[in-house]
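Biologist: Could you take me through the helix packing, the surface and the charged pairs, setting each value against its definition?

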Amino acid sequence: MSTKTSALGNRVMAKAAARIMPLLMLLYFVNYLDRVNIGFAGPNGMNKELGLTATAFGLASGIFFIGYLILEVPSNLALHRFGARRWIARIMITWGAVAVAMAFVPNTATLVVLRFLLGVAEAGFFPGIILYLTYWFPAAQRAKAVALFMCAVPVSSAIGSTVSSLLITGGHGVFGLSGWRFMFLVEGVPAILLAVVTWFFLSDRPETAKWLSAEERDWLTSELDAERRATEAEHHWPLRKALTHPRILGLAFVYFAVVYGLYALGFFLPTIIAGFGEEFGTKLTVLQAGLVNAIPYVAGALVMIPWARHGDRTGERTWHVALPMLVGGAAIPVALYLGNPYATMTAVTICAVGVCAALPTFWALPSNFLSGTAAAAGIALINALGNLSGFVAPYVTGWLRDLTGTQRTGLWVVGACMVAGAVLAVALGAKPRASRR
């Protein structure tokens, strides 16, 4: 590559990242917060007001992902056909409306229904963004781009825990609502507002981006087209194969295992921290508990981007997924056997770092051999099946807590699942053998 071409490529990638990534990170920040803020509502008044057991809370938390599963693949195919700008804006308006409605839930049954509808409304958002990034970033920069986007998860969990805690404590009585209801109301509105921004700001593909010069558009389009042709020549994966091949199902389980750890932490870490008072005699205010909840995710955010950048630089993918899964899976069940809250939070933080490091590099694996419509369908299917852990993790963890009276059994299951996923990632390898036409 000539110096001129290299300079042009660096300039285009920098412009694309500066234009696209801040908005996508903000969208995912709001998306993830609306998805998991039930974890803050539960121990701060919602469970008591609605009479939720740990099992019922787990069901309400996790049923989101059943609705999510049903429409994930059709939604991503619609995005591929109609364009990201229109489809993502549509998703955000519907999820924002349901998120706001959560503030007025009268009973357990309505809570479960609204959580299901929230999953239906959000279906296609995350895999749509992952697909969208393949339209803009060549493979050599893609894991870093995904890491920047997914940095919104630990940032949302860290900042969101504090924001949610402040809204719960400061919003109690506003509009006659309980604090947790006020939190749902306030955190649902930004999705609707950002839908308008997305409609006018986002460009569907490089060839329609007026903020790039003609030379820049031509360079990026040609780079991505050449990469797509090379992928299709080496790995011929039509739509049907992308929806039925065992490798896709294997990758879905690997992702299931990573996300199992993420959502087990997201939904139950606030409850674990709330239990420090009974177990260790540590008394925390709602705000202090929110700040403690942020610690693992801050550490995860600090590790996520350098780890993904290292994967891009070396070109190695498998162990960049498997190694942090192994470390995180080993750390999480140990957390509840430690003798003080500091040691417990250290183990939980190691698990969060492992999850956050594995997540962005994982998405480099399917894009190694999928492109076009097959990529839209395959990425959506992997995400849909993987996110079933969002239903299984809180439900099983809550059920085991009710059954045994302790969090320990549920977190052993989390650790075992992550380790099994790491082993399967190594067995699958980075990509399949080249297809023969």
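What follows is a short exchange on terms and values.

Modeller: This is a predicted model, in which local features need pLDDT of at least 70, side-chain atom pairs count only at pLDDT 80 or more, and totals for chains, interfaces and linings use all residues. Residues are numbered from 1 along each chain as its sequence is written, and side-chain values use heavy atoms, with hydrogens and water left out.

Biologist: Why are α4 and α20 called roughly antiparallel?

Modeller: The axes of helix α4 (residues 54-62) and helix α20 (residues 389-404) cross at roughly 180° and come within 7 Å. Angles over 145 degrees count as roughly antiparallel, and α4 and α20 are therefore given that name.

Biologist: What makes Thr397, Leu400 and Thr404 in α20 meet the definition of contact with α21?

Modeller: Contact means heavy atoms within 4.5 Å, and those residues of α20 meet Thr409, Gly410 and Val413 in α21. The residues of this contact divide into two nonpolar, four polar and no charged, where Gly is counted among the polar ones.

Biologist: How do you know that Arg11 and Glu216 form a salt bridge?

Modeller: A salt bridge is a side-chain nitrogen of Lys or Arg within 4 Å of a carboxyl oxygen of Asp or Glu, and the side chains of Arg11 and Glu216 meet at 2.8 Å, N to O. Arg11 lies in helix α1 (residues 3-36) and Glu216 in helix α12 (residues 214-234), so the pair ties together parts that are 205 residues apart in sequence. By this rule the count comes to seven salt bridges.

Biologist: Which helix gives the most to the nonpolar patch?

Modeller: Helix α17 (residues 318-334) does, with three residues, and Leu323 is found in this helix.

Definitions and conventions. Axes are lines fitted to C-alpha atoms, for helices over the stretch in contact, and angles run from 0 to 180 degrees between N-to-C directions. Helices (H or I, at least four residues) and strands (E, at least two) are DSSP runs, numbered from the N terminus. Angles under 35 degrees count as roughly parallel, over 145 as roughly antiparallel, 65 to 115 as roughly perpendicular and the rest as oblique.
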